[in-house]
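Dear colleague,

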Amino acid sequence: MKSTTRQHILGRLSGSLNPISGDLLAQELNLSRAAIWKHIDILRKLGADIQAHNGLGYQLCNDFFSASTLQAKCHQNIRIGKNIQHFETLDSSNREAMRQAEGGAIEGTVIFTDCQTAGRGRLGRTWHTVQNALAFSMVLRPPLAPEKVPQLSLLTAVALQQALCQYCDHIRIKWPNDLLIHGAKVSGILTEMRAEPGLVHAVVVGIGINLTLPDQGWPKDIAQTVTDLQSHSKYALSRLQCAAAVLNAMDRWYQIYLEQGFSPIQQAWWQAHAASGQNVRVHHGSTYIEGLAEALDDDGALLLATQHGLQRIISGELELL
Ligand code: BTN
């Protein structure tokens, strides 16, 4: 939504439990009441359920997804969500976040998009952003050496697992940072950075979450391996609530990381990992290694006890056995 006036109105309505009068909105925006009414009417046509209460004013009665309604749900955050933007279509929210990071965007900038024409996954794969999914990317500027940046992907997996667990008890992490429900992928994370030796300029963490089964079904190439959150949840999902839960959890875990380092994340990750202490196979191109998942090391590598001794796995595709 381009109009800053409508963003303001939505932000005010979603930040208040009580109705807000048209007079007050008109004063704040230096507009007439008739002009406010016109903006309200446009917002209703876009899907916002704005009720008018006689003599009291306007009230937002649904979880209308927009940058400002989301911002209102993240107002207590220290970093993540200080600047939220919402696009209808982008090539990739990671690319847009990186373009903005290179242009000086503040830490905690979050870019949401409803549709991606060139969504990207890990290992050079394509990411399908299906109908009603969440696709967004965050700009971080951590005081870190570049080799520590993979820790942020693990941190994100922990935050996601914790945020989504309120909708479904069965969400587990699969190394390094996929989120699974009963073995099928519900969410993925793509972390990219701009750095020079010894110094990180910006990190972009992109998250894709499948919220509902698309009307036309899953794209054929992923149908066997993916699932959606709604099919496993007792509650009707709201894109807005779900996005806010993830951003709030990200903000909390990022703060813990900056204050206490990687150790709390490492512990939480290991507890949420689907294959901790179990046998796994890690594929790398046409080869694979099998072993017992023993631990996650400080750099985010998986330590496997194999028949040739302990092996440190830094990349690949993990298969649960
Ligand atoms: C993976 O599991 O392969 C990672 C998927 C990451 C997808 C998200 S959707 C939002 C952001 N923009 C992208 O182009 N990719 C990430």
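What follows goes through a sheet, a pair of helices and the surroundings of a ligand.

Please bear in mind that this is a predicted model, in which local features need pLDDT of at least 70 and side-chain atom pairs count only at pLDDT 80 or more, while totals for chains, interfaces and linings use all residues. Residues are numbered from 1 along each chain as its sequence is written.

**The sheet**

Helices (H or I, at least four residues) and strands (E, at least two) are DSSP runs, numbered from the N terminus, and two strands pair if DSSP finds at least two bridges between them. Five strands form an open sheet in the order E13-E12-E11-E10-E14, with antiparallel pairing. At its edges lie strand E13 (309-313) and strand E14 (317-320), each of which pairs on one side only. On average, neighbouring strands of this sheet are turned by 45° against each other, direction ignored; axes here are lines fitted to C-alpha atoms, for helices over the stretch in contact, and angles run from 0 to 180 degrees between N-to-C directions.

Strand E11 (residues 287-296) pairs with strand E12 (residues 302-306) in the antiparallel sense over four bridges, and Ala295 stands opposite Leu303 in E12, while Leu292 stands opposite Ala305 in E12. E11 and E12 form a hairpin with five residues between them, and Gly300 in the turn has a positive phi of about 85°. E12 is joined in turn to E13 by five bridges, and these two run antiparallel; they form a hairpin with two residues between them, and Ala305 stands opposite Leu310 in E13.

**Two helices**

Helix H6 (residues 150-164) packs against helix H8 (residues 263-272) at an angle of about 55°, with their axes 9 Å apart. H6 and H8 are therefore oblique to each other (angles under 35 degrees count as roughly parallel, over 145 as roughly antiparallel, 65 to 115 as roughly perpendicular and the rest as oblique). Among the residues that make the contact are Leu154 and Val158 of H6 and Ile265 and Trp269 of H8, where contact asks for C-beta atoms, placed from the backbone, within 7 Å.

**The ligand**

Of the 20 residues around the ligand, Ser92, Gly121, Gly188, Gly206 and Gly208 come nearest, a residue being near if its C-beta atom, placed from the backbone, lies within 6 Å. Helix H5 (93-102), strand E5 (134-140), strand E8 (184-196) and strand E9 (199-209) each supply at least two residues of this shell.

Conventions: Two residues are in contact if their C-beta atoms, placed from the backbone, lie within 7 Å.
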